[in-house]
Amino acid sequence: MTATARDLPAMIRAALTRVATLIGQRPVAVTFAGLLVVVAIGLAVTPAHAGAGRLVFGTGYESVVENRHWWSPITAVFLVDPGLELALAVVAALLVLGAAERLLGPVRLLIAFTVTAVVGTVAGILVQNVGVARGELWSVGVSELAAVDPFTPIAGSIMAASAFTAPLWRRRIRVLTLAAALVLVLYSGQPSDLYRLLAVVVGLGLGMLLRPQEVHASWRRSSDHETRTLLAAIVGMLAVGPVVTIVSGARYGLLAPLGLVMAQDVPAPGGRVVRCLLGDITEQCLQELTLDRFNGLAPLLISLIPLTALVVAAVGMARGRRWAVWLAIGVNAAIAVLTGWYYGVLPGAGLASTWRGQGQYGEIALVLVVSVLVPAVTVVVLLANLQRFPRRPPDPPQRPEVDGLRALLQAGGGGSLAHMATWVGNTVWFNHEGTVAIAYRVVNGVAITTGEPVVSPRLAADVGIAAVGDFARMCDHHGWTPVFYSVHRPWEDTFRAMGWRLMTVAEETILRPRTWATTGKKWQDIRSAISRAAREGVRAEWTSYPELDDRHAAQITEISGQWVQDKALPELGFTLGGLRELRDPAVRLMLALDVEDRVQAVTSWLPSYRDGIVIGWTLDFMRRRSDSMNGVMEFIIAQTASLMRNSPEIEFLSLSAAPLAPGPTPEAEGSAARLLEFLGGILEPVYGFRSLLAFKRKFQPEFEPLLMAYPDPVALPAIGVALARAYLPALSLSETVRIARSRG
């Protein structure tokens, strides 16, 4: 007997154990999936009874209103066609319904399952009843269709369960579930699609009843990453919609004409089209009439080509590519224009007089108008969110200038903030010899540097003034005002020798790991945080983003999304990194993990080098879970300092600086000081720069001023606007007015 054969019983036992565990954890979901399989097999082996079973247990207008099958709204969810639909239903039951059961528990899931299935279906049948009474085309056309759909309670249940998730996942579930339900209604339009959409709405309300939460009158802000993901998902769904029409053969939805066009189901001239012209208006008439003029190039232009382009655009948008947004905008704009031409010109120019007086003309016009509006509105939404997509890829770019910059950084060039020069959004300038690099970005005609010039300390005194002068001349050639932002004291003499003005813009906080200790009364908060972490089983882990498993990486994304949601303004940029920046392999992370191995808080640390060896780390990214342990940030920073104390090559830990939160005596004339105070003040209620500085004081750090050097005080107003736009590139006009009013 081979080893494999001997291991077979053990493998079977292990599989059965996993199945038993799954059943114990998700009894409702597993039971529902099992019932779907049993019923499908039963109908498949008795095909003679399959049709009768649909009539008796399937639901719909005819079943409930005319045949009085009052039980059908609940029995219909257990019927599914064998094959692909059954496989999809079983997977959805185990995964989606299983996730809902984990959040709701078995009892509340049964409530949500039953309520959304029954109420959603009954509400849809009532809508059909009203439509049939009024002679509405869709209601009459689908009145005889029997609906069997296990996805209705699945969608309704996960919508109810969304109320029990964190804010980030709550929004994801609700937006994507509702969008998927709408796509099916618009492109397929079967009664089951309407019932499912209403079940989703019922599930949303039921979830709010089961777990009441604070109602926000305004839309809560997403991070750029989250917004890009949701927009990409919606564009992808719009691409899949016509495929639903083509594959399913159901052509009852408002956007079914788009699917019909892409199916190239072009009728032959004459025949029933002639009867359409004579006023014989039916659903088939509408299809044939609107497709009659598609010949030659049109079927090629509006076919699977735009669908493929939209799928490519959706993938690119999920990765943050701006070109993908423009591709989606272009394709949707073209679809809107061509749809308006082919669906609007023919009925509007040639048939308006024929249809005038027909009761169904308004419904047909609605179908045509919606077919144009959906891609047009998509274009508007994408344009409104274009700033969410950077002009360069969101991943650390593989650019030659960055390679040269990193070489200078590893040689020891730049200060504690120098690694920020590698971030996306910066342009890197080199002197002629390539010994000095200056990272900058141009905002409103102002070239703002990210820190001081990156140059070896041994060469700084010899080439510093010349390099700054050459950079300033380059800026002058382009009509830009040069500003060196967040430079350290050693560069003060260089700028004063050039006649530039200087002012303090921040206070950097420095720790010395070699002398790190938490003894004394001033360290009480730090010691309390460490003790609390030990009691609650919270531990620290030093790692990097590429070393994370998928679960921890997803949790960090979730924590960041929650943090952004709580802010009234967009994410800050410039000298404040986000998710994109912590993915750099050179950046290290310190995580706080609880007893369940769940990320409670995360910090990122940027390296500083000398001769290729890391001699210091600078704190950048700081995020904590909303329900994390009190003092988790104090704990995580203290653990980092303790770890570095055992690394003799580490000379400093920088807790970075709170931008726009200078010390009490800024070195600047009154107008400059007032400008800085204004910029920091309007953002303080939202981002708490000054309170962040107060938090860092708990660690008894050394303070080193960070300076801004500028050649002409006349340019201060323009510099102030440029700094505000650098930190808040996505700030809208309405948000600017709001924060200005709050400041006043």
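1. Let me start with Arg406, which is partly exposed at 24% relative accessibility (buried is under 20% relative accessible area, exposed over 50%, partly exposed in between; 1.4 Å probe, protein chains only). This is a predicted model: local features need pLDDT of at least 70, side-chain atom pairs count only at pLDDT 80 or more, and totals for chains, interfaces and linings use all residues. Residues are numbered from 1 along each chain as its sequence is written, and side-chain values use heavy atoms, with hydrogens and water left out.

2. What does Arg406 pair with? Its salt-bridge partner is Asp584, with 3.1 Å between the closest N and O atoms (a side-chain nitrogen of Lys or Arg within 4 Å of a carboxyl oxygen of Asp or Glu). Arg406 sits in helix H20 (residues 400–411) and Asp584 in the loop between helix H25 (579–582) and E8, so the pair ties together parts 178 residues apart in sequence. Helices (H or I, at least four residues) and strands (E, at least two) are DSSP runs, numbered from the N terminus. Asp584, at 7% relative accessibility, is buried.

3. The whole structure has 18 salt bridges, and another of them joins Arg196 to Asp149, the closest N and O atoms being 3.0 Å apart. This pair also links distant parts of the chain: Arg196 belongs to helix H11 (residues 191–210), while Asp149 is in the loop between helix H8 (137–141) and helix H9 (151–161), 47 residues apart. Arg196 is buried at 9% relative accessible area, and Asp149 is buried at 6%.

4. Arg539 lies in strand E7 (residues 539–543) and Asp597 in the loop between E8 and E9, so parts that are 58 residues apart in sequence are tied together. Arg539 itself is partly exposed, with a relative accessible area of 37%. Through shared partners, salt bridges join Arg539, Glu541, Arg551 and Asp597 into one network.

5. Is strand E11 (residues 652–657) buried or exposed? Six of its six residues are buried, so the rest of the structure largely encloses E11. Strand E6 (residues 501–511) runs antiparallel to E11 and is joined to it by three bridges (strands pair if DSSP finds at least two bridges between them). Strand E10 (residues 613–624) is parallel to E11, again with three bridges. Leu653 in E11 is the bridge partner of Leu511 and also of Trp617. From E10 the chain passes through helix H26 (residues 632–645) to E11 in a right-handed β-α-β crossover; that is, with the strands pointing away from the viewer, the path from the first strand over the helix to the second runs clockwise.

6. Which residues touch the most other members of the largest nonpolar core? They are Ile637 and Phe699, in a core of 30 residues (buried Ala, Val, Leu, Ile, Met, Phe, Trp, Tyr and Cys joined through side-chain atoms within 4.5 Å). Elements giving two or more residues to this core include helix H23 (524–536), strand E8 (588–593) and strand E9 (599–610), along with E10 and E11. H26 supplies the largest share, eight residues.

7. Leaving out residues up to four places away in sequence, Phe699 touches Leu511, Trp516, Trp523, Ile526, Glu634, Ile637, Ala638 and Leu655 (contact means heavy atoms within 4.5 Å). Apart from this core lies another, of 29 residues, including Phe32, Val90, Leu103 and Phe164.
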